[in-house]
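Student: I have a structure open and would like to learn how to read it. Could you take me through it piece by piece?

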Amino acid sequence: MGLWRLILSKSPGGLGSGNRVFDAEAERFLKEGEAHELAGRIDDALKRYTQVIDRWPRDVRAYVRRGNLLIEVGRFAEALADYEAALQKNPAWAPAHYNKGNVLYQTGRLEESAEAFRQAIHAKPDFADAEYMLACVQEDLGFNEAAIDS
């Protein structure tokens, strides 16, 4: 299981949180994409998630799943674009803010990363993983604990 899949699987609300626009066929395509992913067929998984996006563009789960895979293969700019597309469709979806924060953190964009984690926490106040990552970013930015608490 890739790092980003593990992070998302532990994220409050799971992959489909906040998404109401999907049907049985979209669900089947997503499961097929996941099966390809688990079997190590990354290109096939990316194609399947892209098919979901093309056919059901409001299904934010496909953007996030594809974004997670893109991170695993080092395509950070494309992953960021997928998380931003998911947020355009569902601006209050905490996992998309969280994943956006992670990709920004991975690429050294710390201020933007901190803001994405703040947005995740705003959307889901008990989002412990986002709180932890925000603290990591703030430490990297040179904030001390006293500044964080105030």
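**Reading a helical chain**

Tutor: Let's start with a meeting of two helices: Tyr98, Asn102 and Tyr105 of helix 6 meet Asp129, Ala130, Met133, Cys136, Val137 and Asp140 of helix 8. Contact here means heavy atoms within 4.5 Å. Helices (H or I, at least four residues) and strands (E, at least two) are DSSP runs, numbered from the N terminus. Keep in mind that this is a predicted model, where local features need pLDDT of at least 70 and side-chain atom pairs count only at pLDDT 80 or more, while totals for chains, interfaces and linings use all residues. Residues are numbered from 1 along each chain as its sequence is written, and side-chain values use heavy atoms, with hydrogens and water left out.

Student: Which classes of residue does the contact of helix 6 with helix 8 have, nonpolar, polar or charged?

Tutor: First the classes: Ala, Val, Leu, Ile, Met, Phe, Trp, Tyr, Cys and Pro count as nonpolar, Asp, Glu, Lys and Arg as charged, and the others, Gly among them, as polar. Helix 6 and helix 8 bring together 6 nonpolar, 1 polar and 2 charged residues in their contact.

Student: At what angle do helix 6 and helix 8 pack?

Tutor: Axes are lines fitted to C-alpha atoms, for helices over the stretch in contact, and angles run from 0 to 180 degrees between N-to-C directions. Helix 8 covers residues 128-140, and it packs with helix 6 at about 25°, the axes being 11 Å apart. Angles under 35 degrees count as roughly parallel, over 145 as roughly antiparallel, 65 to 115 as roughly perpendicular and the rest as oblique. Helix 6 and helix 8 are therefore roughly parallel to each other.

Student: And what about helix 5 and helix 6, at what angle do they pack?

Tutor: Helix 5 (residues 76-89) packs with helix 6 (residues 94-106) at about 155°, with axes 9 Å apart. That makes helix 5 roughly antiparallel to helix 6. On the helix 5 side, the contact is made by Phe76, Ala79, Leu80, Tyr83, Glu84, Ala86 and Leu87, and on the helix 6 side by Ala96, His97, Asn99, Lys100, Val103, Leu104 and Gln106. Sorted by class, these residues give 9 nonpolar, 3 polar and 2 charged.

Student: Why do the contact residues skip along the sequence like that?

Tutor: Here is a general point: an α-helix has 3.6 residues a turn, so residues three or four places apart point the same way.

Student: Can we try single residues? Is Glu84 buried, partly exposed or exposed?

Tutor: Glu84 belongs to helix 5, and at 34% relative accessibility it counts as partly exposed. Its C-alpha atom is 8.3 Å from that of His97, 13 residues away along the chain.

Student: What does Arg118 touch?

Tutor: Arg118 sits in helix 7 (residues 110-123). Setting aside residues up to four places away in sequence, Arg118 touches Leu134 and Gln138. Between Arg118 and Leu134 there are 7.1 Å, C-alpha to C-alpha. Arg118 counts as partly exposed at 34% relative accessibility.

Student: And Leu30, is it buried or exposed?

Tutor: Leu30, in helix 2 (residues 24-38), counts as buried at 0% relative accessibility. Beyond residues up to four places away, its contacts include Tyr49, Val52 and Arg65. Arg48, in helix 3 (residues 42-55), is buried too, with a relative accessible area of 16%. Arg48 is in contact with Arg28, Phe29, Glu32 and Gly33, leaving aside neighbours within four places.

Student: How many helices and strands does the chain have?

Tutor: The chain comes to 9 helices and 0 strands. Of its 150 residues, 43% count as buried. Among contacts between residues at least 6 apart in sequence, 55% join residues at least 24 apart.

Key:
Buried means under 20% relative accessible area, exposed over 50%, partly exposed in between (1.4 Å probe, protein chains only).
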